[in-house]
Amino acid sequence: GDVYKRQDDGSIDITLAGGTVNSGAGGLYTFSWTKVGDSSFSATTEDISNLSLSNIDVIINLAETGLSPRIAKWMDLLEINVDSSLKLCKKAKEIGARFIQIGSFCEYGNSAYNYELIPVNAPLQPTFPYAVSKAASYQLTKGFALSENLEFAYLRLFNVYGTRSRTNSAYGAALGVFLKQKLSGYPFTVIGNGKQKRDFVYVDAVSYTHLRAHETPEHRGCR
């Protein structure tokens, strides 16, 4: 999860809260940039429940497990993708911050076959453990936001690509893998008959949407 605090001089402090199967759920990694784009930072670890925050505008939760570098177990998915999201929701409510939860297109699952373009309100019919955990996280965090009057937004990402796309893993983004194959002079790896369709979104558009969900009045409330 990302915690943004905008300073008077225009700089931004960013706190990354997340967890991995190896380090355990609920770990907290704090990075402070003196200027936007500055690569220097300091890092500490702390449990989300014990995190002391103040003067924070928004918490954006991107932390997850389940796809890479290895498939996670059900209890890991529950602890990291679901329980940690609830902890961050509670923290946002406690400090009066807006909460933005990042989901995945795979939550739609089988219902995607019913549409040429998947609408936002399509039924969630996930078909594998990671997708199930993300759908459960959505229901839990939205339910918490509605019952606790928390400013909340949920963004489902579809195959993000761009600079620094992972290319050296079995779970790498498709366009990143294709680009590496193209630059290396290798044929594209295509599974099946090649007629399947996927949506892709450039990373700049994702960053812009994050900021819109945080800063614009029409995105306030529970969505």
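**Stop one: a charge and a ring**

Select R156 and Y138: the charged end of R156 sits over the Y138 ring, 4.5 Å from its centre. (A charge sits over a ring if NZ of Lys or CZ of Arg is within 6 Å of the ring centre and within 35 degrees of the ring normal.) Bear in mind that this is a predicted model, where local features need pLDDT of at least 70, side-chain atom pairs count only at pLDDT 80 or more, and totals for chains, interfaces and linings use all residues. Residues are numbered from 1 along each chain as its sequence is written, and side-chain values use heavy atoms, with hydrogens and water left out.

**Stop two: the rings**

Rings of Phe, Tyr and Trp (its six-membered ring) pair if their centres lie within 6.5 Å; planes under 30 degrees apart are stacked, over 60 edge-to-face, the rest tilted. The structure holds eight aromatic pairs. Zoom in on F99 and F152: their ring centres are 6.3 Å apart and their planes at 20°, so this pair is stacked. F99 lies in strand 5 (residues 98-104) and F152 in strand 6 (residues 152-157), so the pair ties together parts 53 residues apart in sequence. Strands here are DSSP runs of E, at least two residues, numbered from the N terminus. Both F99 and F152 are buried (under 20% relative accessible area, 1.4 Å probe, protein chains only).

**Stop three: R98**

Now pick R98, also in strand 5. At 3% relative accessibility, R98 counts as buried. What does its side chain reach at 2.2 Å? The backbone oxygen of A213. The R98 side chain also makes a polar contact with the side chain of E151 (3.0 Å). A polar contact is a pair of N or O atoms within 3.5 Å; within protein, one must be able to donate a hydrogen and the other to accept it, and residues adjacent in sequence count only if both atoms are side-chain atoms.

Methods: Helix = DSSP H or I, 4+ residues; strand = E, 2+ residues; numbered from the N terminus. Buried < 20%, exposed > 50% of the residue type's maximum accessible area, 1.4 Å probe, protein only.
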